[in-house]
Amino acid sequence: MTATPHHPVIYADPERNTLARRLEQAVEGEVLFNRADRGRYATDASIYQIEPIGVLIPRSFDDVRAAIAICAELNVSVLPRGGGTSQCGQTTGPGLVIDTTKHLNRLIDLDLDAMTVTVEPGMVLDHLNAELKPHGVWFPVDVSTAAQCTIGGMAGNNSCGSRSIQYGNMVHNVASIDVLLADGTEAHLGPLRNMPRDNTRVGRLTHALIEIGERAHDAIDENVPNVLRRVGGYNIDIFNPQGPRPYTSDGQPNLAHLLIGSEGTLAMTRQITLKLSPLPTHKVLGVVNFDTFYDAMDATQHIVALKPAAVELVDRTMIDLALDNPAFRPTMEKALIGNPEAILLVEFAGEESADQAGLLDQLITLMAGLGHPGSVIPLASAAEQQALWSVRKAGLNIMMSMRGDGKPVSFIEDCAIPLENLAEYTRRLTEIFHQHDTSGTWYAHASVGTLHVRPILDMRRGGAEKMRAIAEAASTLVRQYKGAFSGEHGDGLVRSEWVAWQFGPTLMQAFQEIKTLFDPQGIMNPGKIVNSTKMDDTRLFRFKPDYQVNPLVSGLDWTDWDVHGDAKAQTTSAPGTGDDPSGGFAKAIEMCNNNGHCRKFDAGTMCPSYRVTGDEQHLTRGRANTLRLAMSGQLGPDALLSQEVHDALDLCVSCKGCKRECPTGVDMARMKIEVLYQRQKAHGLRLGNKLIATMPKWAPLAARFPWLFNLRDKLPGAAWLSERLLGLSARRSLPVWRKDTFIGQVESTPAEEADLVLFVDTFNNYLESENARAAYRVLTAAGYKVALAQPAADDPDSKRPLCCGRTYLSAGLIDEARKEAERVVHALAPFVSRGLPVVGLEPSCLLSLRDEFLVMGLSKQARQLAQQSFLFEEFLAREHEAGRLHLALQSLPEKHALLHGHCHQKAFDAVTPIQVVLGLVPDLDVKLIESSCCGMAGAFGYEASHYEASMKMGELSLFPAVRQAQADSLIIADGTSCRHQITDGTQRHAHHVARVLERALAA
Ligand SMILES: Cc1cc2nc3c(=O)[nH]c(=O)nc-3n(C[C@H](O)[C@H](O)[C@H](O)COP(=O)(O)OP(=O)(O)OC[C@H]3O[C@@H](n4cnc5c(N)ncnc54)[C@H](O)[C@@H]3O)c2cc1C
Ligand code: SF4
Ligand code: SF4
């Protein structure tokens, strides 16, 4: 819903209405108060869901000041938010969410002499470290969510990284914080000796805090656990330090440290000054393989004596899940000796390579001495280490990829236990899980005794009761071993009730006083740390007792997700048995656990629309949440067809980046097809969309009268008209139709004699037939007898070339796409049954045969076809690797080539084969552009409403890389829309790899 001067948005709730109106008058930023926006900000990576009153995306800190003043006046609570990746419900609450990530994310000051950096709270850790790297320094609190968590959120949660044994937690690495209190006071909090003691608000606050600290002195001694990791409650022990690592080098309290881990309950952070560390120049990684989990735990206490930078655990379940994931399998395989029950990743880091190598040798000797000879795999190369760390960092997400309603739940996941008791603790806790008919998967920071474990619980069926019972049993163990109940992820909603249990009544009283001193009105993120709700209050759950899914007759087959899980055996029932009234569609959506991994910017493809907008709405997570709310009736009736759902999916370019990169496998491209299907069934299609979708039907006509179909870009005013009537951007030229199509121009080898069948898609047949000709020439030059994919003789539409149905799918016309797919499966059956490879050129078309064809209810032959379908370069690379490719190539005049992979090639790990075949061209130096989606994405970029977003996507990295390329470099892109986008954005011409090989064919 958008407000205009004549039609202000009216919300149902008068309090919300007043707040929205006041904010709109007072701030420059975005005031997001509609139902879907509130829903998207109601969750974090926890099990909870509380709808906020609204959301503010501040443009500057002035907006924050204005908003908090209004909230204080209206008595509305305030919920500061970074990436929203908290696991305990810290970032769910009923107040005004203030999301700092879009604009309050700058580096303010870098002081290399003082080794400090000052940043705004919304800055993402990886972005900070990327800026610091050229200076040889880094901020070393390397949390797993580094690509998306913010410095403000890390401070809020007192986050800890894998290398905390060397560098400590957030609290050990913060020099000062500038905050805004709810009453409008601004304070610079730093070393106590520098704090004012006068009669100002800050002076009085300082004075009172010192007094609380003095009173609590003995209770701190008694109740604050002496462990490396503890993040519960407020850090009152700054006045009487307990942990083995001091908070400050001079032992003097720093008031900023009281704010670290305060979860937004005390103040809003404006900027933070962080302490920097030199980047270690040399690192080695030893992977220790263990036959039993117990052995791994038992060995940890001895390994830490070697002073490693990190000791991280990966257990058997996690190993198996990583092996099942195509992105992680090769890396995991390299780390294993046989079938270990657990591995420990032991890193040594420092200035001298010889020192690190020596430590690795000591590790090998130590393990042999402990009865594990030959158990260490050394990984010396930075790339190998990085790859394995990525698997470990994705650990939790990999675990969350389990299907079914039972999910690993975070509530005792970071208890910190002294190392000497770790093995015993894990054994006893496993027994407790079994007593409750469940099991858990263990991983993470063995070095500091913080092992992550999440028992698998079905939060819709009895999960709350089991959660409490297990938490109580675990707490007894934690107390017995003198550990900390929260060693990493904080309190939030799941653990605040345990703060009193951990710290006792005196410190609880002190915490209450601290809260009141900072925030007398109690509006800063209430209900966390103090005055908490119960962890098992099901009214606050994401899946509340009345959670229901609306029935849906889906167009695609989602039954693989429609399963029940067995928590103890960690297995799932057969597809289609999960009782999902939407046939598995809802369960596929619910796979999103809100971890926020899709908010990453730097590597991979996911998620281009977020990268250009910075909006939660245009993010895979935001989309999954919107769909979940819609499917469960939380956005009103028929919400799948609503404007809110349309808006959330509108900028999804269906790049399939999430299909591969989302750790739980959320495949938004496929979900978008389903939603568009439901929408067009109800409302039909717009003329422009229909025209593009049905292109394979009218393409033969366009090829007969190309002059007519090309008029749009020739007649003055026609482009303008096409924008008005069809929504096609006048700023784009359209692909050019021509008479010289490919099919019909060359002879097809009969099926019984052929070596392969060439499947030429609509685009490469009609619009760029030179690519198809080039592929044909290359394949025949290599000695293959090529059959052409043609309609079967009994096809009622046998005159029209085959088509994969991609354009129909993009518009949600699943039934029409299915008909096209059936034609293809039927026509290719004689080839497929003979085991012939089917080779295609256009990634989005050919890869449909391996993807959507499998969920359209086609015959069994579709599965066989999928297994035998290859992109042109995949086929050649496979032949080359098998030693069967006889292709004589000579060098080209161009010596450099720049390669852009199509998103679907990336999603199917099919970029490397292009590099392999280009590597066969003598003297050609090929560089891969680290690009996300080109932005054209089929018809997306041609649409006037998407033009801006499309060009911005191109500008992210593709266009700059192409512009920087030497004038005589070849630009290579296999996607037809990628090539068009490159021309539109850079005026350079890109080629299909087939054409490059054709040119290189020896005469
Ligand atoms: C898969 C996964 C792995 C994780 N791994 C780790 C790990 O290795 N180590 C670890 O410590 N944690 C880990 N976490 C938890 C979480 O990612 C971290 O705590 C992270 O630092 C939170 O950052 P964020 O930007 O998402 O903060 P948010 O979740 O947005 O906020 C965190 C807290 O900070 C407060 N806050 C945010 N901004 C401000 C501000 N400007 N002023 C005042 N308060 C503010 C919020 O109110 C909230 O209470 C993991 C989470 C997931 C899902
Ligand atoms: S869509 Fe995937 S990556 Fe994004 S938050 Fe959900 S589970 Fe994580
Ligand atoms: S398909 Fe691409 S654009 Fe759409 S949600 Fe997934 S990553 Fe984002």
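Here are a few questions and answers about this predicted model.

Reader: Glad to have the model open! What is the average pLDDT of the protein chain?
Author: Happy to start there. Residues 1-8 stay under 50 in pLDDT, and the model has 6 contacts beyond four places in sequence for them. Across the chain, 98% of the residues score at least 70, and the average pLDDT is 93.

Reader: How many charged residues are in the shell around ligand 2?
Author: The residues around ligand 2 include C592, H597, R621 and T664. By class, the shell divides into 4 nonpolar and 7 polar residues, and the number of charged ones is 1.

Reader: Which residues come nearest to ligand 3?
Author: Let's build up the surroundings. The shell around ligand 3 has 9 nonpolar, 3 polar and 2 charged residues. Helices α21 (608-613), α22 (620-631) and α25 (668-683) each supply at least two residues of that shell. Of the 14 residues around ligand 3, the nearest are C607, R623, C652, C655 and C658.

Reader: Is C652 buried or exposed?
Author: C652 is among the residues that come nearest to ligand 3. Its relative accessibility is 7%, and the cut-off for burial is under 20%, so C652 counts as buried.

Terms used. Residues numbered from 1 in each chain as written. Chains lettered and ligands numbered in written order. Predicted model: local features only at pLDDT ≥ 70, side-chain atom pairs only at ≥ 80, totals over all residues. Heavy atoms only, no water. Near = heavy atom within 4 Å. Nonpolar A, V, L, I, M, F, W, Y, C, P; charged D, E, K, R; others polar. Helix = DSSP H or I, 4+ residues; strand = E, 2+ residues; numbered from the N terminus. pLDDT = per-residue confidence, 0-100. Contact = heavy atoms within 4.5 Å. Buried < 20%, exposed > 50% of the residue type's maximum accessible area, 1.4 Å probe, protein only.
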